[in-house]
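Open the model in your viewer and keep the sequence panel at hand. The tour below goes from one selection to the next.

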Amino acid sequence: MKKTIVTLVCLLIAPLAFAQTSSKAKRHGRTTTEPITVTGTFITTTTEEGATASYQPFKTLVVRVDGSNNPRRYVLDGTGHVLNKAGEVVQTAIRPGSHVRVYYINTGDSRGVDRVVVV
């Protein structure tokens with residue numbers, strides 16, 4: 001009986017022992033503001049649509065862009081770049097001729113693929 005009472009008392013006191021106390025810190029000293037200058041370039045995402053010519057998961061996607069006879073080649077690094085209309089990751093190969101929308105960022109001579117949506 002004593003063990004039961006001691007256990008119950010410990011269970012009731014334990015949350016109070018681990019409770020966080022509030023702290024009200026006071027600021028001492030002066031505050032100063034300094035101007036911050038941020039430099040950089042704006043990155044814009046470009047979209048192209050077309051029919052796939054070939055695709056191997058996690059490797060290379062070749063797309064025949066609408067209005068152009070020259071196929072464009074996109075390299076996909078890692079997983080999660082190819083999605084369906086519902087936003088779910090596509091794990092299988094895309095059939096040639098499937099309509100896709102490629103979202104990419106121009107970085108000099110290369111195109112960094114953000115995502116590919118199978119339409």
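Start with R101, which counts as partly exposed at 23% relative accessibility. The model is a predicted one.

The side chains of E49 and R101 meet in a salt bridge, at 2.9 Å from N to O. This pair links distant parts of the chain, with E49 in strand β1 and R101 in strand β5, 52 residues apart. E49 is partly exposed too, with a relative accessible area of 29%.

How many salt bridges does the structure hold? There are three.

For another of them, select E48 and R72, whose closest N and O atoms are 2.3 Å apart. E48 is buried, at 12% relative accessible area, whereas R72 is partly exposed, at 25%.

Then select D114 and R115, where a salt bridge joins the side chains at 2.7 Å, N to O.

Next, go to the largest nonpolar core, which has 15 residues. Select L61, V63, Y74, L76, V82, V102 and V116, the members that touch the most others. Strands β2 (60–65), β5 (99–107) and β6 (110–118) each give two or more residues to this core. Stay on V63: beyond its neighbours within four places in sequence, its contacts include A51, R72, Y74 and V102.

Finish at helix α1 (residues 2–18), where I5 lies. Select M1, I5, V9, L12 and I13 to show a nonpolar surface patch with about 560 Å² of accessible area together. I5 is partly exposed, at 47%.

Note on methods
Residues are numbered from 1 along each chain as its sequence is written. This is a predicted model: local features need pLDDT of at least 70, side-chain atom pairs count only at pLDDT 80 or more; totals for chains, interfaces and linings use all residues. Side-chain values use heavy atoms; hydrogens and water are left out. A nonpolar core is a set of buried Ala, Val, Leu, Ile, Met, Phe, Trp, Tyr and Cys residues joined through side-chain atoms within 4.5 Å. Buried means under 20% relative accessible area, exposed over 50%, partly exposed in between (1.4 Å probe, protein chains only). Helices (H or I, at least four residues) and strands (E, at least two) are DSSP runs, numbered from the N terminus. Contact means heavy atoms within 4.5 Å. Patches are made of residues with over 30% relative accessible area and no salt bridge: like charges are joined within 9 Å, nonpolar side chains (Val, Leu, Ile, Met, Phe, Trp, Tyr) within 5 Å. Accessible areas come from the Shrake-Rupley method with a 1.4 Å probe; for residues, only the protein chains shown count as cover. A salt bridge is a side-chain nitrogen of Lys or Arg within 4 Å of a carboxyl oxygen of Asp or Glu.
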